[in-house]
Amino acid sequence: GADRAADEIEDRIAHLLKAAEETPSVGEDQATSLREIRTRMQDLRVQLNGDRTITARSEPAPMALMTRVGMIAGGSWNSQSGVTANHRDSLAVAAGQFRPLLAELKSIAADLEAIEAQLESEGAPWTPSRIPDWPGQP
């Protein structure tokens, strides 16, 4: 779920950058804030999915959270055996890694909503995940 939410946030950022570019009243501050959020998302995605620039060169890299969870699930999927101590330990590591990652994801989402509200007030065009306002509607 966090990985899908990250995909959606990255899509929102791309659309908001385009909307900011096309809105004359939007200043560089909002675009800079969006680029900073995009950088935070890229860092989060490395923690979640691993650093593909390192692994593409066959260099050792820390195990990504999604890889760890996938190995736990895959190791138990077609087994009738009980959960191993190794899987329990690995799940504890994953849980410890996920808590701060989820907090950062929620923080990014909140910051993005604030920028979306700013762009909305500046008359930016509609972007995905935003419900448009209509004059005279409560």
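## Briefing: helix packing and a nonpolar core

Gly-136 lies in the segment after helix 5. The model is a predicted one. Helix 5 also takes part in two helix pairings, one with helix 4 and one with helix 1. Two packed helices are described by the angle between their axes and the distance between the axes.

**Gly-136**

- Gly-136 counts as exposed because its relative accessibility is 77%, and the cut-off for exposed is over 50%.
- Along the chain, Gly-136 and Ile-13 are 123 residues apart.

**Helix 4 with helix 5**

- Helix 4 covers residues 65-76, and helix 5 covers residues 85-121.
- Their axes lie 10 Å apart, at an angle of about 150°.
- That angle makes helix 4 roughly antiparallel to helix 5, since angles over 145 degrees fall in that class.
- Helix 4 passes helix 5 in a left-handed crossing.
- Helix 4 makes the contact through Leu-65, Arg-68, Val-69, Met-71, Ile-72, Gly-75 and Ser-76.
- Helix 5 answers with His-87, Ser-90, Leu-91, Val-93, Ala-94, Gln-97, Phe-98 and Leu-101.
- Sorted by class, this contact holds 9 nonpolar, 5 polar and 1 charged residues.

**Helix 1 with helix 5**

- The axes of helix 1 and helix 5 come within 11 Å.
- They cross at roughly 25°.
- The two helices are therefore roughly parallel to each other, as angles under 35 degrees count as such.
- Their crossing is left-handed.
- On the helix 1 side, the contact residues are Ala-2, Ala-5, Ala-6, Ile-9, Arg-12, Ile-13, Leu-16 and Ala-20.
- On the helix 5 side, they are Phe-98, Leu-105, Ile-108, Ala-109, Leu-112, Glu-113, Glu-116 and Leu-119.
- By class, this contact has 13 nonpolar, no polar and 3 charged residues.

**The largest nonpolar core**

- The largest nonpolar core has 24 residues.
- Ile-9, Leu-34, Met-41 and Leu-119 touch the most other members of this core.
- Helix 1 (2-22), helix 2 (28-49) and helix 5 are the elements that give two or more residues to this core.
- Ile-9 and Leu-119 also belong to the contact between helix 1 and helix 5.

**Around Leu-34**

- Set aside the neighbours of Leu-34 within four places in sequence.
- Leu-34 is then in contact with Ile-13, Leu-16, Leu-17, Ala-20, Leu-112, Ile-115 and Leu-119.
- Among these partners, Ile-13, Leu-16 and Ala-20 sit in helix 1 and meet helix 5.
- Leu-112 and Leu-119, also among these partners, sit in helix 5 and meet helix 1.

Notes:
Residues numbered from 1 in each chain as written. Predicted model: local features only at pLDDT ≥ 70, side-chain atom pairs only at ≥ 80, totals over all residues. Heavy atoms only, no water. Axes fitted to C-alpha atoms, helices over the stretch in contact; angles between N-to-C directions. Helix = DSSP H or I, 4+ residues; strand = E, 2+ residues; numbered from the N terminus. Parallel < 35°, antiparallel > 145°, perpendicular 65-115°, else oblique. Left-handed = near helix turned anticlockwise from the far one by under 90°. Contact = heavy atoms within 4.5 Å. Nonpolar A, V, L, I, M, F, W, Y, C, P; charged D, E, K, R; others polar. Core = buried A, V, L, I, M, F, W, Y, C linked by side-chain atoms within 4.5 Å. Buried < 20%, exposed > 50% of the residue type's maximum accessible area, 1.4 Å probe, protein only.
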